[in-house]
Amino acid sequence: MTKFLESNKSAIKRENAVRDKGGKRSAFSRLRRCWQLYLLLLPTVVYLFIFNYLPMAGIQIAFRDYKFSRGIWDSAWVGLKHFRTFFESVQFESLMLNTVKISVYALLFGFPFPIILALLLNECRSMKLKKTVQTLTYAPYFISTVVMVSMLSMFLSPSTGIVNKAISLLGGTPYDFMGSAKAFRSIYVISGIWQGTGWSSIIFIAALAGIDPQLHEAAEIDGANRLQRIWHINLPGILPTAVIVFIMNCGSIMSVGFEKVYLMQNSMNQSTSEIIATYVYKMGIQKAQYSYTTAIGLFNSLINLVLLLIVNHISKKVSEISVF
Amino acid sequence: MVRSRKRKESLDNRIFNGIVTFLLVLCGLAALYPLLFVVVASISDPVRVNSGEVWLFPVGFQLDGYLQVFGNKWIFIGYRNSLIYTVLGTFLNVLVTLMAGYPLSRKDLYGRKLFNWYIAIPMWFGGGLIPTYVVVNHLHLVNTPLVLLILGLVSSFNIIICRTFIASLPYELQESAKIDGCSDFGILWKIVVPLSKPIIAVLCLYYAVGHWNDYFSAMIYVSDKNFQTLQVFLREILLLNQNIDLETIEDPAVVALKLQMAQVMKYSLIVVASIPLLIAYPFVQKFFVKGVMIGSVKG
């Protein structure tokens, strides 16, 4: 009996010795034990490598004179030439201004609406009305950009559009909104609010649902009315969420929705609608100036990154809320 | 309890409720009206739509717009292609996302941190439009239908949503299956997938809407009309008016009628193009909140 136990003990010892024999061995055995998991990850790893990491390495063509025949690695190195060309180009100033303006407007004017809608929905005492309004306001989010812009151009058409019909019914003169450089940003921002408010409100509705009901009960006992409770409980309650959403939006300030701007663009509103992304597309894909436009794209992403970090830093200082 | 509170409700409170209800109804109508108008205009008499007689109810009922839409060869091709891309693409997307989400949820995965970083980095940095185009070009994928299935095969963001969801499932189930001799593939297929229906619905929603509404990659990477998506044809017809062939017609009255018709056909086309989303909408709506919430607590 004791002999058996002893032999058993020594067997365990031997096993432990094998297991401890250097980290490499155990790492290898752990790798082998998980091989099925690695196999499951393989498609994703390969995909990301080819379509995300290779293009990242491809950014270097911003510093080269890229030729398809010579490939990414063998094209001539030209340093900052393309950046200089861009900064010195005639369009630089207007491109920058248009890009910044349109996204700042979209951010500033678009930001409050989801919060207001969420607060209203939170105050609604009728579940039926709440559900209906939610269903209706989420719906526009799923409309494709092409359909969205088509609806705009149909509704705003100076001859047949319903908006201009309403304007003339009220005694005004029809106006060619889509063909106007002045109206471009307003159309972009307002239609964006129509399409995105419902969807963006979801996160705030959830944040409101997470507020401790005891706070409301206490405030009610203290005689606070509903407006005061919204101001002193609900708004501070969703502030962290709002700040984080705001920071994230600031980080994409220079990456305005290319599709919508491109589709809304025409020769008449080009002075305000030409942004960096549309310019990159036209020069890059249509005119095949790959290196030049990669440089512009890189410049654009750098500004994005810097903005994100700045806003994040300010918010960290002021409110101690930050993404990073 | 509820009733007694109701009786005690002050005037202030009732006014407040009234304002809230009014504003909410306003929001709902503002969201609904443009969509409603498109539907109403699509079944109304084109001349009366264009002269501004149609506001809320159809005037001069007709379905010619729809007949024209269904008779258009390119719309048919685009619709077919978009359906194929959406169904096949979404299937591949969800499959690959689940395949990646499951191992990353496993705490015993060796090198898990490394994989997490590898997957998260593309969310913040990217090559941008042109370098991606150059890579796709080098792979000879430009102008093949394959590119619309492969590009966007998997999104880092969705993998993270999926991983977070699976990690929240009770791990004991997986452990006991393992003790019973179940392989990792088996655990994924027999235990994790059946429990992950809500997240699969969310992923299907995200990916499918992306495919159906995709215009950008189709425009950039595909030029052969036979492989083109519906959205590209929509743009040609709705925004560039490349539908009316006027060369064959001389009579100005006929031309005018055709132009009017083209206008109403646009409304019908918008309705037809949005039907798949409309059908899916009620089924997936209950998953919206879940999807957004899991996405926002990614960490």
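Residues are numbered from 1 along each chain as its sequence is written, and chains are lettered from A in the order in which they are written. In this predicted model, local features need pLDDT of at least 70 and side-chain atom pairs count only at pLDDT 80 or more, whereas totals for chains, interfaces and linings use all residues.

Chain B has 16 helices and zero strands, where helices (H or I, at least four residues) and strands (E, at least two) are DSSP runs numbered from the N terminus. Of its 299 residues, 37% count as buried; a residue is buried if 20 or more other C-beta atoms lie within 10 Å of its own, exposed if 12 or fewer, and partly exposed in between, with C-beta atoms placed from the backbone. Two residues are in contact if their C-beta atoms, placed from the backbone, lie within 7 Å. Among the contacts in chain B with a separation of 6 or more, 72% are between residues 24 or more positions apart.

Each chain is also divided into domains, whose bounds come from an automatic or database domain assignment. In chain A, domain 1 takes residues 15-64 and domain 2 takes residues 82-319, and the centres of these two domains of chain A, taken over C-alpha atoms, are separated by 39 Å. Their contact takes four residues from domain 1 of chain A and six residues from domain 2 of chain A. In chain B, domain 1 is given as 2-70 + 243-287 and domain 2 as 73-227, and 34 Å separate the centres of these domains of chain B, taken over C-alpha atoms. Here six residues of domain 1 of chain B are in contact with six residues of domain 2 of chain B. Helix H15 (residues 252-284) of chain B gives the most to the side of domain 1 of chain B that touches domain 2 of chain B, with four residues. By class, that side of domain 1 of chain B has six nonpolar, no polar and no charged residues, where Ala, Val, Leu, Ile, Met, Phe, Trp, Tyr, Cys and Pro count as nonpolar, Asp, Glu, Lys and Arg as charged, and the others, Gly among them, as polar.

The two chains also touch each other, in a contact that takes 70 residues from chain A and 71 residues from chain B. On the side of chain A that touches chain B, H3(A) gives the most, with 15 residues, and the residues of that side divide into 45 nonpolar, 19 polar and six charged.

Helix H11 (residues 184-195) of chain B shows how one helix is placed among others. H11(B) has 12 residues and reaches 15 Å from its first C-alpha to its last, close to the 16 Å expected at 1.5 Å a residue, the expected span being 1.5 Å times one less than the number of residues. Its buried residues are B:Asp184, B:Ile187, B:Leu188 and B:Val192. Because these residues cover an arc of only 95 degrees around the axis, they are on the same side of H11(B); the arc is that of the directions from the helix axis to the C-beta atoms. On the other side of H11(B), B:Lys190 and B:Pro194 are exposed. The buried residues of H11(B) pack against helix H3 (35-58) of chain A, together with helices H5 (73-105), H9 (156-167) and H10 (171-179) of chain B.

A nonpolar core is a set of buried Ala, Val, Leu, Ile, Met, Phe, Trp, Tyr and Cys residues joined through C-beta atoms within 7 Å. The largest such core has 109 residues, of which B:Leu234 and B:Leu269 touch the most other members, and its largest share, 10 residues, comes from H5(B).

Lastly, most residues other than glycine have a negative phi. B:His140, although not a glycine, has a positive phi of about 60 degrees, and B:Asn143, also not a glycine, has a positive phi of about 65 degrees. B:His140 is in the loop between helix H7 (129-138) and helix H8 (146-150) of chain B, and B:Asn143 is found in the loop between H7 and H8 of chain B. B:His140 is exposed because it has 10 other C-beta atoms within 10 Å, whereas B:Asn143 counts as partly exposed because it has 13 C-beta neighbours inside 10 Å.
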